[in-house]
Amino acid sequence: MLLRQRLGIVMLFIFLPINVPLWKMVLELLGHTLPWGDLQLFFAFLVFFVMGGVLTFTPKLRSPFSE
């Protein structure tokens, strides 16, 4: 398994869109407030979730000139 795929799997778990309220509560407990609304955070987590999926499920690319 490539490092890129491992990073993608971690991103899939961390940035699940259902985890937005959890991360928001954790950051508020730590004393940090987020300037964004719930819908903006949802779409940001969705973008990172899709990026994790792309990192995980895209095949290893090979150059045709490498041989």
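I'll start with Ile 9, which is partly exposed, with a relative accessible area of 30%. Bear in mind throughout that this is a predicted model.

Ile 9 sits in helix 1, residues 3-14. Which residues does Ile 9 touch, once its neighbours within four places in sequence are set aside? Met 1 and Thr 56. For a sense of separation, take Pro 21, 12 residues from Ile 9 along the chain: the two C-alpha atoms are 21 Å apart.

Thr 56 belongs to helix 3, which covers residues 38-57. Is Thr 56 buried or exposed? Its relative accessibility is 10%, so Thr 56 counts as buried, the cut-off being under 20%. The side chain of Thr 56 comes to 3.2 Å from the backbone nitrogen of Ile 9. Beyond its neighbours within four places in sequence, Thr 56 is in contact with Gln 5, Gly 8, Ile 9 and Leu 12.

Next, the surface. Val 10, Ile 14, Leu 22, Trp 23, Met 25, Val 26 and Leu 30 make a nonpolar patch of about 630 Å². Helix 1 and helix 2, the latter being residues 20-29, each supply at least two residues of that patch. Which element gives the largest share? That is helix 2, with four residues. Leu 30 lies in the loop between helix 2 and helix 3. At a relative accessible area of 62%, Leu 30 is exposed, because exposed here means over 50%.

Now the aromatics. How many aromatic pairs does the structure hold? Three. In one of them, Phe 15 and Phe 45, the ring centres are 5.4 Å apart and the planes stand at 75°, so the pair is edge-to-face. This pair links distant parts of the chain, 30 residues apart: Phe 15 is in the loop between helix 1 and helix 2, and Phe 45 is in helix 3. Phe 15 counts as partly exposed at 21% relative accessibility, whereas Phe 45 is buried, with a relative accessible area of 11%.

Another aromatic pair is Phe 42 with Phe 43, also edge-to-face, at 5.5 Å centre to centre and 65° between the planes. Phe 42 is partly exposed at 32% relative accessibility, and Phe 43 is partly exposed with a relative accessible area of 45%.

Finally, which residues form one aromatic cluster? They are Phe 15, Phe 45 and Phe 48.

Notes. Residues numbered from 1 in each chain as written. Predicted model: local features only at pLDDT ≥ 70, side-chain atom pairs only at ≥ 80, totals over all residues. Heavy atoms only, no water. Buried < 20%, exposed > 50% of the residue type's maximum accessible area, 1.4 Å probe, protein only. Contact = heavy atoms within 4.5 Å. Polar contact = N/O pair within 3.5 Å; in protein donor to acceptor, adjacent residues only side chain to side chain. Patch = residues over 30% accessible without salt bridge, like charges linked within 9 Å, V, L, I, M, F, W, Y side chains within 5 Å. Areas by Shrake-Rupley, 256 points an atom, 1.4 Å probe, with all protein chains shown as cover. Salt bridge = Lys/Arg side-chain N within 4 Å of Asp/Glu carboxyl O. Phe/Tyr/Trp six-rings, centres within 6.5 Å; stacked < 30°, edge-to-face > 60°.
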